[in-house]
Structure formats: C-alpha cells, structure tokens
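Me: I would like to go through the labels attached to this model one at a time, and to see for each how a value leads to the word used.

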Amino acid sequence: QVHPLESGGGLVQTGGSLRLSCAVPGRTWSTWSSYTMGWFRQAPGKEREFVAAISRSDGSTYYRDSVKDRFTISRDNAKNTVYLHMNRLKPEDTAVYHCAAKTGRGGRVIVASEYDYWGQGTQVTVSS
C-alpha cells in the first residue's frame, strides 16, 4: 500500500501563497520515480477536480486552466515528495486538496479514477 501524506494547507488572504507538500514514504527511488503524481481538490458541494500533475517519465507538468500561471507542481525524487506551489490565491481556490499517485502507464493524468492511491487531504481556505 502507498499512503501519500499531505501537509501545508491553511488559511490565507486573497493574493497570498501556500506550498503544499505530499510525501510518499517507504518507497524506493525506482518505485517512487515511476509514479505520476497529481493534485486534486474538492470544495463543499462540488465534484473533485483536477488541479495539476507531474509525469513519471520526463517530468512533464499539466494544469487546469484556472490555475495556470499561478500554481507550480514539482517533485523531489530524493525526498519522495511532490509540491504544489500556489501563488495569487483566490477565494475560489478554497477546497480540500488531495495528493494522488498513479502507477500505471498511459491513461489521462487529469482523470481522478486513473490514480491508485490517495492522501487524506489538506484544507486550503482563501479569505476575501
């Protein structure tokens, strides 16, 4: 089993920044680096939605349109950790943010059902 562990959420004012971290302990480098890692979020009363992903192979990154130019996803393979740097936050970014690991090849990184392991989530609240 893989248990991603998120941290870094909190309360921030509009325009502020946060950095979310997701650690996947207990995996060897070769195993960890084979995962595509993604961030999803879910606001109250809404469906879970894709935020960003970083691929297993070449480190390609993917973002939903509303966070492009504000959020950056990165990974540190030496630490088995993926980060989501969030800048210029808006109230509509308020949600529980979940980290997920995708072990299979192919598929679509923006689709939640493609991911095999999920963290419990961390709350991000942006006040207006």
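Predicted model: local features only at pLDDT ≥ 70, side-chain atom pairs only at ≥ 80, totals over all residues.

Me: What makes the pair of F40 and F50 edge-to-face?

Reply: Rings are paired when their centres lie within 6.5 Å, and planes over 60 degrees apart count as edge-to-face. The centres of F40 and F50 are 5.6 Å apart and their planes stand at 75 degrees, so the pair is edge-to-face. This pair links distant parts of the chain, with F40 in strand β4 (residues 36–42) and F50 in strand β5, 10 residues apart.

Me: Why is the pair of F40 and W118 called tilted?

Reply: Planes under 30 degrees apart would be stacked and those over 60 edge-to-face, with the rest called tilted. For F40 and W118 the angle between the planes is 55 degrees, at 5.1 Å centre to centre, and the pair is therefore tilted. Because F40 lies in strand β4 and W118 in strand β10 (residues 117–118), the pair ties together parts that are 78 residues apart in sequence. The structure holds 4 aromatic pairs, and F40, F50, Y115 and W118 form one aromatic cluster.

Me: Why is F40 counted as buried, and why is W118 called partly exposed?

Reply: Buried means under 20% relative accessible area, and partly exposed covers what lies between that and the exposed class, which is over 50%. F40 has a relative accessibility of 0% and is therefore buried, whereas W118, with a relative accessible area of 24%, falls in the class between and is partly exposed.

Me: How do you know that R48 lies over the face of W118?

Reply: The test asks for CZ of Arg within 6 Å of the ring centre and within 35 degrees of the ring normal. R48 is placed over the face of W118, at 4.6 Å from the ring centre, a distance that lies within the limit.

Me: What makes R70 a buried residue, and which residues is R70 in contact with beyond its neighbours in sequence?

Reply: The relative accessibility of R70 is 6%, and the cut-off for buried is under 20%, so R70 counts as buried. R70 belongs to the loop between β6 (61–63) and β7 (71–76). Leaving aside neighbours within four places in sequence, R70 is in contact with H85, M86, N87, R88, L89, K90 and D93. A polar atom of the R70 side chain also lies 2.9 Å from the backbone oxygen of S66, which is within the 3.5 Å used for a polar contact.

Me: Why are A53 and V24 called buried?

Reply: A53, in strand β5 (residues 49–54), has 0% relative accessibility and therefore counts as buried. Leaving aside neighbours within four places in sequence, the contacts of A53 include M37, I73, V109 and Y115. V24, in the loop between β3 and α1 (29–32), is buried because its relative accessibility is 1%. With neighbours within four places again set aside, V24 is in contact with V2, P4, W32, Y35, M37 and N80.

Me: How do you know that β1 and β7 stand at the edges of their sheet?

Reply: The sheet is open, with 4 strands in the order β1-β3-β8-β7 and antiparallel pairing. β1 (5–7) and β7 each have a single partner strand, so one side of each is left without a neighbour in the sheet. Between β1 and strand β3 (residues 18–23) there are 3 bridges, and S7 stands opposite S21 in β3.

Definitions and conventions. Residues numbered from 1 in each chain as written. Heavy atoms only, no water. Helix = DSSP H or I, 4+ residues; strand = E, 2+ residues; numbered from the N terminus. Buried < 20%, exposed > 50% of the residue type's maximum accessible area, 1.4 Å probe, protein only. Polar contact = N/O pair within 3.5 Å; in protein donor to acceptor, adjacent residues only side chain to side chain. Contact = heavy atoms within 4.5 Å. Pairing = 2+ DSSP bridges. Phe/Tyr/Trp six-rings, centres within 6.5 Å; stacked < 30°, edge-to-face > 60°.
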